[in-house]
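Reader: I am new to reading protein models, and I would like to go through this one step by step. Could we begin with the whole chain and then turn to its parts?

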Amino acid sequence: MSNRKPIYVTQPQMPPLEDFYPYLEQIWENRILTNGGPFHQQLEAALCDYLGVEYLSLFSNGTLALVTALQALRVTGEVITTPYSFVATAHSLLWNGIKPVFADVDPVTLNLDPQKIEAAITPQTTAIMPVHCYGHPCDVEAIQRIADNYNLKVIYDAAHAFGVRDAKGSILRHGDLSVLSFHATKVFNTFEGGAIICPDARTKQRIDHLKNFGFVDELTVVAPGINGKMSEINAAFGMLQLKGIDGAIARRKEIDARYRALLAGVDGIDCHAQALDAGANDSSNYSSNYSYFPILVGPDYPLSRDALYEKLKGEGVFARRYFYPLISDFPMYRGLPSARRDNLGAAATASSRVLCLPMYPELAQADIERIAGLIADQRRLPA
Ligand SMILES: *Cc1c(COP(=O)(O)O)cnc(C)c1O
């Protein structure tokens, strides 16, 4: 056991505390704490500008944004989604009384395989909820073709995809709606927070009503809405965080490149390909956010994935098995016919091999070298 400071899979990006005081003073002066206050309005505008999208509605977290996105489009029946994600993706369906139908992922991109989506469609299917896993864009064109052919809605869980762009602009412009998370562990955080990106003012207005109990005005309630509003403290913090986001992503890019170089020759370790290597149609203007650094531990590696996980833990390096178990293996899902292992082979294989290495802007160079060194040195077993 080492006596070094533990290294976790991520560490939230935070500006110096004193930089936040002026924002707090303004809130104390305004006495507006929530309900679409000045910082809320500023952050919606600033994020539209930064992300290159037209309409965005802030939420108190990404999960409530997912739940509300489904309500905004009146989605019912069955929704096709991925088992290889954080559990909130499927939970948002259960919260709406919708039946999740799991389809398998592509073994290279680890995003929903469009052919598997098409095969899972039934007369009850009303929508597709794909995830841009690790921030790598889904095959958005194939998914849209399927949606158009079968008259389905598409809601992207884009919790990992803050700032990701393809050749023509923000990845968040695809589908009917996209949902972001600003949780502490994400690339851009507001402590807790989230947002729905939508294509027109009318949809934004419906979403804004739904996140405020369904209120349209003082006396009118049009839907059984939830309280999903982002508070002024979180919105103010978001304004401050935006100032540092480009630097944070640039540093992530350096870390990504360093890990790739250090792990390139290690037998049995496969660094999950960047999307531009993984078949994106036009990679010329693709920009990643380097949100995670997943490796796949293959059969050629002398240790199992779990043994490597334990070995790193023994050295104070807390890598995480995102996404293991599969969502479809949790008790509230595993009875579904689509949760069967033989339906989800590629997802199950990835889930048994994946390990996300520490990735955050303040990760020290020496720690990157040490972590890669521990992985490259295959002889040492856990103490
Ligand atoms: C983080 C995350 C969420 C949930 O977001 P919260 O803001 O934590 O509620 C949903 N889906 C995915 C894929 C996530 O990673």
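Reader: What percentage of the 383 residues of the protein chain count as buried?

Author: This is a predicted model, and every value given for it is computed from that model. A residue is called buried here if 20 or more other C-beta atoms lie within 10 Å of its own. Among the 383 residues of the protein chain, the share that counts as buried is 45%.

Reader: Why is strand 10 described as largely enclosed, and how many of its residues are buried?

Author: Strand 10 covers residues 194-198. Gly194, Ile196 and Cys198 point one way from the strand while Ala195 and Ile197 point the other way, and all of these are buried. Strand 10 is therefore largely enclosed by the rest of the structure, the number of its buried residues being five of the five.

Reader: Which residue stands opposite Ile196 in strand 10?

Author: Strand 10 pairs in the antiparallel sense with strand 9 (residues 177-181) over four bridges, and there Leu180 stands opposite Ala195. Strand 10 also pairs in the antiparallel sense with strand 2 (residues 55-59), over five bridges. Opposite Ile196 in strand 10 stands Ser57.

Reader: How many nonpolar, polar and charged residues are in the contact of helix 2 with helix 8?

Author: The axes of helix 2 (residues 38-51) and helix 8 (residues 232-263) come within 8 Å and cross at roughly 35 degrees, and the crossing is left-handed. Helix 2 contributes Phe39, His40, Gln42, Leu43, Ala46 and Tyr50 to the contact, whereas helix 8 contributes Glu232, Ala235, Ala236, Gly238, Met239 and Leu242. By class, these residues are eight nonpolar, three polar and one charged.

Reader: Is Asn35 buried or exposed?

Author: Asn35 lies in the loop between helix 1 (21-30) and helix 2, and although Asn35 is not a glycine, its phi is positive, at about 60 degrees. Most residues other than glycine have a negative phi. Because Asn35 has 11 C-beta neighbours inside 10 Å, it counts as exposed.

Reader: And is Tyr290 buried or exposed?

Author: Tyr290 is found in the loop between strand 13 (269-271) and strand 14 (293-297), and it has a positive phi of about 50 degrees although it is not a glycine. There are 24 C-beta neighbours inside 10 Å of Tyr290, so this residue counts as buried.

Reader: What is the omega of the peptide bond from Tyr324 to Pro325?

Author: Most peptide bonds are trans. In the loop between strand 15 (317-318) and helix 10 (345-353), where Phe323 is found, a cis peptide bond joins Tyr322 and Phe323 with an omega of about 10 degrees. Pro325 lies in the loop between strand 15 and helix 10 as well, and the peptide bond from Tyr324 to Pro325 is cis, with omega near -5 degrees.

Conventions
Residues are numbered from 1 along each chain as its sequence is written. This is a predicted model: local features need pLDDT of at least 70, side-chain atom pairs count only at pLDDT 80 or more; totals for chains, interfaces and linings use all residues. A residue is buried if 20 or more other C-beta atoms lie within 10 Å of its own, exposed if 12 or fewer, and partly exposed in between; C-beta atoms are placed from the backbone. Helices (H or I, at least four residues) and strands (E, at least two) are DSSP runs, numbered from the N terminus. Two strands pair if DSSP finds at least two bridges between them. Axes are lines fitted to C-alpha atoms, for helices over the stretch in contact, and angles run from 0 to 180 degrees between N-to-C directions. A crossing is left-handed if the near helix is turned anticlockwise from the far one by less than a right angle, and right-handed if clockwise. Two residues are in contact if their C-beta atoms, placed from the backbone, lie within 7 Å. Ala, Val, Leu, Ile, Met, Phe, Trp, Tyr, Cys and Pro count as nonpolar, Asp, Glu, Lys and Arg as charged, and the others, Gly among them, as polar.
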